[in-house]
Amino acid sequence: MPEGDSIHRLARRLRPVLVGKRIASLELPRSDPGGRASQTVAGSSVEAVEPRGKNLLIHLSNGWVLHTHLKMLGAWRVGAEGAPVRGSRDAISVILRVEGATLVCYRAPVARLLRAQDLRAVPDLARLGPDLLGDSFDRAEALARLVASARRPLGVALLDQRTMAGIGNVYKSELCFELRLDPFAPVARFGEDELGRLVDRARELLLANVAPRPRDRVYPSPRPRVRVTRSPHAMARGGGPLHVYDRRGLPCFRCATPIEMRWQGELLRSTYYCPTCQPSRR
Ligand SMILES: [Zn+2]
């Protein structure tokens, strides 16, 4: 699942390509096989590219909005104007041609046109909690929503975009480790001060990682006290090593206890933790 910061980075990358550009054609092969989308957007141009939580909203000048949600596998690719579209037709969710570029979105489970005034009626968009990367982030509201998730395990509440928008599976594990919190304990077991620090650190980390170039990003930077082997996966991502994510069985950077992983919640998301640094509060 893309983290909120990756959707913000995507929006930043797409803005110079899209904003102000006239739309030549729009195809939604999976959701609109009849091809009405192109008539709907004919003559319009792109006014704004807005990340909202993990949703990407491309606002058009005629009052329509192209809404995509990438979930786990979706990705946008930008090619030259008139460039051939690669890949199997079944995997293509959007083909958007504008002056100067061809954009293709692959494997997005949500790709559709909505009227701007109907965005509020879309449950996933309307119910989103405060956006951790928003310019006017409402910390009190985010904290209140987290506190209100009293009975839910902390790791589950953090991933729920209705609590606050932006935390994905990697940050969920990393944040709980950094603050030494048990991700499996109900939210009610934590003090409001602890939860407040968690919200602040989440925003800090996500904002730092919106930096456009990977070398400008600030990943959680462990200071190893023990000799460790970096996981090939983390190294391949260019940001590693992370504290706990994807490090099952490897020694904790703080205490050398092997990192553990458990599947959590109805969606069975992987949660990595150090059983010593994050003592059980269940
Ligand atoms: Zn540890």
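Modeller: Leu268 is exposed, because its relative accessible area is 53%, where exposed means over 50%, buried under 20% and partly exposed in between, with a 1.4 Å probe and protein chains only. Before going further, please keep in mind that this is a predicted model, in which local features need a pLDDT of at least 70 and side-chain atom pairs count only at pLDDT 80 or more, while totals for chains, interfaces and linings use all residues. Residues are numbered from 1 along each chain as its sequence is written, and side-chain values use heavy atoms, with hydrogens and water left out. The pLDDT, which is the predictor's confidence in each residue on a scale from 0 to 100, has a mean of 87 over the chain, and 88% of the residues reach 70 or more.

Leu268 sits in the loop between S9 and S10, these elements being DSSP runs numbered from the N terminus, with at least four residues (H or I) for a helix and at least two (E) for a strand. Its phi is positive, at about 50 degrees, although Leu268 is not a glycine. Ala256, in the loop between H8 and S9, likewise is a residue other than glycine with a positive phi, in its case near 75 degrees. Most residues other than glycine have a negative phi. Ala256 is partly exposed, because its relative accessible area is 35%.

Turning to the metal, the zinc ion is coordinated by the SG atoms of Cys252, Cys255, Cys274 and Cys277, at 2.2 to 2.4 Å. A donor here is an N, O or S atom within 2.8 Å of the metal (3.2 Å for Na, K and Ca), and since water is not among the atoms, sites may look incomplete. The angles among the 4 donor atoms run from 100 to 113 degrees, and the site is tetrahedral, a word applied to four donors if all angles lie between 85 and 135 degrees. Along the sequence the donor residues follow the spacing C-x2-C-x18-C-x2-C. Cys252 and Cys277 thus link distant parts of the chain, 25 residues apart, with Cys252 in the loop between helix H8 (232-237) and S9, and Cys277 in the segment after strand S10 (269-273). Both of these cysteines are buried.

Met261 belongs to strand S9, which covers residues 260-264, and Met261 is buried, because its relative accessible area is 11%. Leaving out residues up to four places away in sequence, Met261 touches Arg248, Ser270, Thr271, Tyr272 and Tyr273, where a contact means heavy atoms within 4.5 Å. Pro275 is 14 residues from Met261 in sequence, and their C-alpha atoms are 9.8 Å apart in space.

One caution concerns residues 218-239, over which pLDDT stays under 50, and for which the model has 43 contacts beyond four places in sequence. Where pLDDT is low, the predicted coordinates should not be read in detail.

Conventions: Tetrahedral: all angles 85-135°; square planar, octahedral: opposite > 155°, others 65-115°.
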